[in-house]
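Below is a short note for a colleague who has the structure open. Please read the points with the display alongside.

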Amino acid sequence: MVGRKTEKKRLRRSIGKIQTTLRLIRHWLILEQVEKINQMLRGHYNYYGMAGNLKSLYKVYQATDKYWHKMLGNRSRKGYVTWERYAQIKSWFPIVRPRISIPYKELKLYVIL
């Protein structure tokens, strides 16, 4: 059975929206940032989380992860957040991992003829 894949334009648009939001919330408390990031990612995973699309979901997760690290480093003049420090922050405040909401066996129910 063939799965589905997110179009390139939609993938770039989703990543761009997440990055714009991360720029806007960069000075919020880290707990509030994680709640907002997880809310956005959960919505994306629920909408695009069909069987065969895990690679695209993981691309969104990776882009969010890298950009959040960058934004945490840009919160003040004092500088950079190391990857070790970032891993520690992520262990305290984890980001939602990609997941498939519609598996292959249920995919045939969503086919439009």
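The points that follow cover surface charge, aromatic pairs and salt bridges.

1. The model is predicted. Residue numbers run from 1 along the chain as its sequence is written.

2. A positive surface patch is made up of Lys 5, Lys 8, Lys 9, Arg 12, Arg 13, Lys 17, Lys 55 and Lys 59. Two helices, helix 1 (8-24) and helix 3 (54-73), each supply at least two of the patch residues. Helix 1 gives the most, with five residues.

3. Lys 9, one of the patch residues, lies in helix 1. Its relative accessible area is 65%. Exposed means over 50%, so Lys 9 counts as exposed.

4. Searching the whole structure turns up four aromatic pairs. One of them joins Trp 68 and Tyr 86, with ring centres 5.7 Å apart and 70° between the planes, which is an edge-to-face arrangement. Trp 68 belongs to helix 3 and Tyr 86 to helix 4 (residues 83-92), so this pair ties together parts that are 18 residues apart in sequence.

5. Are the two partners buried or exposed? Trp 68 is buried, with a relative accessible area of 0%. Tyr 86 is also buried, at 2% relative accessibility.

6. Tyr 86 has a further partner in Trp 83: the ring centres are 5.7 Å apart and the planes are at 85°, so this pair is edge-to-face. Trp 83 and Tyr 86 are three residues apart in helix 4, so about one helical turn separates them. Trp 83 is partly exposed, with a relative accessible area of 44%. Trp 68, Trp 83 and Tyr 86 together form one aromatic cluster.

7. How many salt bridges are there? The count is two, taking a side-chain nitrogen of Lys or Arg within 4 Å of a carboxyl oxygen of Asp or Glu. Side chains of opposite charge can pair when their charged atoms come close.

8. Glu 7 is partly exposed, with a relative accessible area of 47%. Arg 10 is partly exposed as well, at 33% relative accessibility.

9. Lys 90 forms a salt bridge with Asp 65, and their closest N and O atoms are 3.1 Å apart. Because Lys 90 lies in helix 4 and Asp 65 in helix 3, the pair ties together parts that are 25 residues apart in sequence. Asp 65 has a relative accessible area of 14% and is buried.

Definitions and conventions. This is a predicted model: local features need pLDDT of at least 70, side-chain atom pairs count only at pLDDT 80 or more; totals for chains, interfaces and linings use all residues. Side-chain values use heavy atoms; hydrogens and water are left out. Patches are made of residues with over 30% relative accessible area and no salt bridge: like charges are joined within 9 Å, nonpolar side chains (Val, Leu, Ile, Met, Phe, Trp, Tyr) within 5 Å. Accessible areas come from the Shrake-Rupley method with a 1.4 Å probe; for residues, only the protein chains shown count as cover. Lys and Arg count as positive and Asp and Glu as negative; His and the chain ends are not counted. The place of a charge is taken as NZ of Lys, CZ of Arg, CG of Asp or CD of Glu. Helices (H or I, at least four residues) and strands (E, at least two) are DSSP runs, numbered from the N terminus. Buried means under 20% relative accessible area, exposed over 50%, partly exposed in between (1.4 Å probe, protein chains only). Rings of Phe, Tyr and Trp (its six-membered ring) pair if their centres lie within 6.5 Å; planes under 30 degrees apart count as stacked, over 60 as edge-to-face and the rest as tilted.
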